[in-house]
Amino acid sequence: MNHQAPSERPAVTPTADAGAPPAAEVAPAAPAAEPKGPAARAERPRTKGPRPVCPDGLVIVDKPAGFTSHDVVAKMRGIARTRKVGHAGTLDPMATGVLVLGVERATKLLGHLALTEKEYVATIRLGQNTVTDDAEGEITSSTDASGVTREAIDAGVAKLTGTIMQVPSKVSAIKIDGKRSYARAREGEDFEIPARPVTVSSFAVHAVHPAEAADGTPVQDLLVSVVCSSGTYVRALARDLGADTGVGGHLTALRRTRVGPYALGEARTLDQLQEELTVMPVADAAAAAFQRWDVNEEQARLLGNGVRIKVPLFETTGPIAVFGPDGRFLVLVENQGGKAKSLAVFG
């Protein structure tokens, strides 16, 4: 809802509600410009004495509305007193909910966590299209949606469930010929974004509420939940459902409730983290997110020296977290031709 940092909105703004940036875009250690708006309050604690060492690990943030993902990273750099902070997949300023941050060495996990399944709750308004496919963009059309039946809504949702081809919003962070889509849109370019395969595991409509838009248009507001693969845009689901019902549609509210194994129950607000920084140790984070492989001392030594040893068979594919005989998290590997290829070393 992943539904992948957008910048502050000038005329149009990049949106990445459920899309995860490529691993190359997760640059936790890169210097950030001074944040504006809400993040301007993210000053470093003015304490004397030696600077405390922040533990390696993940911080699960309940992102507030009005903050970009970059704002949250800037805020966390002040709270954790380290520049080495990054995020796994962006959330729009409008959106709230789970944003996974990596601190210190845990930033090496982020490119892999960004590819995990995501879950959202959202409100879709049928009856209006916007330039950004969400409530932050200018309305481009209004159509009386009062005649759209629940049967038509359910039929449209069914078409958008499963493995589908989806065209991201033109104001997304997708790169087209090396240039961000939102930058091309802001400059008034006429271009097309190719459709991409995404998986919508679940798309459920929990309630339908007739309403009236600010311009007097009869609309219908749908409370929905979505479970989807990384790279899925929830605003595109809203847009496409509106197109299928013939009245247009856009997203008016979005809350991410889960990223991989990390859910809202583990998330903390920025205010709570300012009071008490809660860091999930990198070993616990890896064990929760990836398959676990416990090795003996000899295997640990070989892996530590970069030797590609044989990997046992696992039921699913994906990164494997390797733990030594003493329980330490050693390395993240992938199965390449039956042998362990190192992705990131920790122990």
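**Backbone exceptions, an enclosed helix and an aromatic cluster**

Arg81 is found in the loop between helix H1 (69–80) and strand S2 (85–87), where helices (H or I, at least four residues) and strands (E, at least two) are DSSP runs numbered from the N terminus. The structure is a predicted model, in which local features need pLDDT of at least 70 and side-chain atom pairs count only at pLDDT 80 or more, while totals for chains, interfaces and linings use all residues. Residues are numbered from 1 along each chain as its sequence is written, and side-chain values use heavy atoms, with hydrogens and water left out.

Most residues other than glycine have a negative phi. Arg81, although not a glycine, has a positive phi of about 55 degrees. Arg81 is also buried, with a relative accessible area of 15%; buried denotes under 20% relative accessible area, exposed over 50%, and partly exposed the range in between (1.4 Å probe, protein chains only). Asp133, likewise not a glycine, has a positive phi of about 70 degrees. This residue lies in the loop between strand S5 (128–130) and strand S6 (139–142) and is buried, at a relative accessible area of 8%.

The chain contains eight helices and 18 strands, and 50% of its 347 residues count as buried. Helix H5 (residues 234–245) has 12 residues and reaches 17 Å from its first C-alpha to its last, close to the expected 16 Å; the expected span is 1.5 Å times one less than the number of residues. Nine of the 12 residues of H5 are buried, so the helix is largely enclosed by the rest of the structure. Among these buried residues are Val234, Leu237 and Leu241. The elements that cover them include helix H3 (150–159), strand S10 (196–212) and strand S12 (249–259), with contact meaning heavy atoms within 4.5 Å. H5 is followed by Gly246, whose phi is positive, near 80 degrees.

Two aromatic pairs are counted. Rings of Phe, Tyr and Trp (its six-membered ring) pair if their centres lie within 6.5 Å; planes under 30 degrees apart count as stacked, over 60 as edge-to-face and the rest as tilted. The ring centres of Phe323 and Phe329 are 5.3 Å apart and their planes stand at 35 degrees, so this pair is tilted. For Phe329 and Phe346, the centres are 4.6 Å apart and the planes at 25 degrees, so the pair is stacked. The latter pair links distant parts of the chain, 17 residues apart. Phe323, Phe329 and Phe346 form one aromatic cluster.
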